[in-house]
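Let's take a walk through a protein model together.

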Amino acid sequence: METPEVKKSHWPSPIWLVPLLSLIVAAWLLYDQLLQRDVQIEISFESGSGIKSGVELRYRGVPVGSVDEIVLSEDLKTVIVHASLNRDAEKLARENSKFWIVEPELGIAGARNLDTLVSGKYIAVEPGDGEPEKEFSGLETPPDQQPDLGLKITLVANQLGSLKKGRHIYYRDLQVGTIGESVLSEGSRFVEIQAIIKPEYSKLVRTNSVFWNSSGLTVDVGLFKGAEVQASSLENLLRGGISFATPPEPGPLAEEGRRFPLNRQADDEWQEWAPIMKWRESN
Amino acid sequence: MRDSPHALSWSLLVAAMVWLIPANLLPIMTITQGGRSKTSTIAEGIWQLFEAGMPGIAIIVMVASLLVPLFKVLVLAVVYWRAPGETDPLLSTRAFRLVYWIGRWSMLDVFVVALLAALVEFGNLASVKPEPGILAFAMAVVLTMLSAHAFSPKQLWIKTIPDQRGV
């Protein structure tokens, strides 16, 4: 009687591929989910209106993350936005990074961020330069309207007029600064307007500079010369702003906190002043 | 183990064990409620139930989702391990039958997540989204069931049949 030949394979049964494959896929899944997880950050805002979970975080217009959850702070004074930042955008979360809510701005002088009317608000990011960080305090206004840096001077005026916070300061119709908070003077006789000149233009302000409210429209009607209409840029006319000029013999640099009177309108002469001031040179 | 007649059962069981790790470490679902999203693993879900003041349900979920899958895998491992020289075939058979019987109920978690994901879909108001952990859980459950199915409990009784001894 023939006996069947028994062959022993040196290889393990191919069914062992199942656990092997499982091991590879499960390990990849773990790696992908745990190590590649989005970076969690916390941003505190004074108000979270229009922000809900799922709202995007954008940098240069490109989505880099989204809001997970919004909670109130312990003292109910701020809202804390928990957001996750995509792994590849991790570098955006570092010290001095700026976060602000972008919302539509409509005004007679122009409209901004109209896309947010349709797509809803979003949170914009501006990367900082420090160490990686997880907790941030958000800005209430975009950084370009954020009058933090620069030469701070005080303008004293009889009336505030339309010089609201965030309006611009012009030198030769070029924006060189921003108007900050306004307060009444001690005796309530004047309004004190804080003006912030961008650091790069601070050398243009001298002790003998003159400031005037350039928001108005000056109409001068005379019998023989006809009507003369004077206004700076149309935007300025509509939104209100402050212009300044420095006499042909510029005085020493204006120091921080210096007070200047704010004239209601410009003298013709001021507009022609054209002193040479090297604003670009560094200290 | 290579020469074991249970190679198929063993390999599927090992695969199930492998899948149990991501099943317990990864989130199984994301619940969005009133604008708040919460992504939780099995253990986190149990803890949330405890904190929400529902210890009864928490214990049920812990037993059904955390302990039973582990228990099944461990019991099968012991049964397979002892099978070649089983001295107490009755006990082993009972344990095996128990695990085999539980098997049909094990997809409950997956079923719950699948149902919730399909039914609770009200955008930001409330929605449930499955996460990769539930996939790993389903893999572990299916592989455990297949492993048990591939095993023949008759093997446990070989030693008790005199004719077959030594074959």
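Predicted model: local features only at pLDDT ≥ 70, side-chain atom pairs only at ≥ 80, totals over all residues.

Residues are numbered from 1 along each chain as its sequence is written, and chains are lettered from A and ligands numbered from 1 in the order in which they are written.

Helices here are DSSP runs of H or I with at least four residues, strands are runs of E with at least two, and both are numbered from the N terminus. Nonpolar covers Ala, Val, Leu, Ile, Met, Phe, Trp, Tyr, Cys and Pro, charged covers Asp, Glu, Lys and Arg, and the others, Gly among them, count as polar.

Now look at helix 1 of chain A beside helix 1 (residues 7-25) of chain B: they pack at an angle of about 10°, with their axes 8 Å apart. Axes are lines fitted to C-alpha atoms, for helices over the stretch in contact, and angles run from 0 to 180 degrees between N-to-C directions. Helix 1 of chain A and helix 1 of chain B are therefore roughly parallel, a label for angles under 35 degrees. Residues making this contact include Leu23(A) and Ala26(A) on one helix, and Ala15(B) and Trp19(B) on the other. By class, the contact has 14 nonpolar, two polar and no charged residues.

Next comes the sheet in chain A. This open sheet has seven strands in the order 5-8-2-3-4-1-9, with mixed pairing. Strands pair if DSSP finds at least two bridges between them. Strand 5 (98-102) and strand 9 (135-137) of chain A are at the edges, each with a single partner strand, so one side of each has no neighbour in the sheet. In chain A, strand 1 (residues 39-45) pairs with strand 4 (residues 79-85) in the antiparallel sense over seven bridges, and there Gln40(A) stands opposite Ser84(A). Strand 1 of chain A also pairs with strand 9 of chain A, in the parallel sense over three bridges; Glu42(A) has Glu135(A) as its bridge partner.

Finally, chain B has helix pairs of its own. Helix 3 (residues 55-82) and helix 4 (residues 89-103) of chain B pack at about 145°, with axes 10 Å apart. Their contact divides into eight nonpolar, one polar and two charged residues. Helix 5 (residues 108-119) and helix 6 (residues 132-150) of chain B also pack at about 145°, with axes 9 Å apart. Here Asp109(B), Val110(B) and Val113(B) meet Ile134(B), Phe137(B), Ala138(B) and Val141(B).

Methods
Contact = placed C-beta atoms within 7 Å. Parallel < 35°, antiparallel > 145°, perpendicular 65-115°, else oblique.
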